Amino acid sequence: MGAIAKLISYPDKILSIFFLRILPESIHLAILALCILHKHYQIFTARCAYAAAVKNSWRRLHPPPGSGECSVCLSELAAEGEECCELAACGHAFHRGCVERWLSAHAPTCPLCRAAAVPEEEAAEYRRVVEEEEDDWIEKEFALVLLNALDVGRCNHGIFS
Ligand SMILES: [Zn+2]
Ligand SMILES: [Zn+2]
């Protein structure tokens with residue numbers, strides 16, 4: 001309580017600390033936080049759009065083709081319990097799980113003939129946000145400013161004690 005009473009008895013110091021340090025730092029932090037939110041919102045929507053495009057890229061095959069192998073996992077297409085599909089772009093058949101994993105993690109093209117399975121627009125946007133997600137300078141900057149602000153807070157405390 002003593003420290004707070006002492007602090008209140010220096011209104012000019014409180015004002016100068018507020019306008020010179022706390023206010024600019026708060027604004028800086030708020031702007032960085034908004035940038036981070038915006039970035040992650042963009043990443044989220046691009047991921048959803050890409051997942052939807054992957055879902056639209058294949059047609060269910062039922063029953064599975066009598067012969068042939070899935071060129072992603074190199075096992076029989078007609079294997080027990082495996083759901084098969086063909087890519088709408090080129091008609092090549094795969095296990096549904098295999099081709100979905102391929103399109104999500106490897107490339108937006110057919111594993112066999114490289115036909116574009118997902119529209120180039122969605123694929124390009126998806127690539128862009130994945131790169132952006134790896135580049136985390138905004139998060140680092142936010143952490144630095146926050147740490148700095150906490151440190152300044154500790155120093156200010158020292159002025160009055
Ligand atoms: Zn497979
Ligand atoms: Zn193909």
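Which residues form a nonpolar patch on the surface? Select L15, F18, F19, L20, I22, L23, I27 and I31. Together they have about 770 Å² of accessible area. (Accessible areas come from the Shrake-Rupley method with a 1.4 Å probe, and for residues only the protein chains shown count as cover. Patch residues have over 30% relative accessible area and no salt bridge; nonpolar side chains, meaning Val, Leu, Ile, Met, Phe, Trp and Tyr, are joined within 5 Å, and like charges within 9 Å.)

Before moving on, note that this is a predicted model: local features need pLDDT of at least 70, side-chain atom pairs count only at pLDDT 80 or more, and totals for chains, interfaces and linings use all residues. Residues are numbered from 1 along each chain as its sequence is written, chains are lettered from A and ligands numbered from 1 in the order in which they are written, and side-chain values use heavy atoms, leaving out hydrogens and water.

Now pick L23. It is partly exposed, at 31% relative accessible area (buried is under 20%, exposed over 50%, partly exposed in between; 1.4 Å probe, protein chains only).

Next, colour the domains. Domain 1 covers 1–56 + 136–161, and domain 2 covers 58–117 (bounds come from an automatic or database domain assignment). Their centres, taken over C-alpha atoms, are 48 Å apart. Where do they touch? In contact are 4 residues of domain 1 and 6 residues of domain 2 (heavy atoms within 4.5 Å).

Finally, select K55 and E100. They form a salt bridge, with the closest N and O atoms 3.5 Å apart (a side-chain nitrogen of Lys or Arg within 4 Å of a carboxyl oxygen of Asp or Glu).
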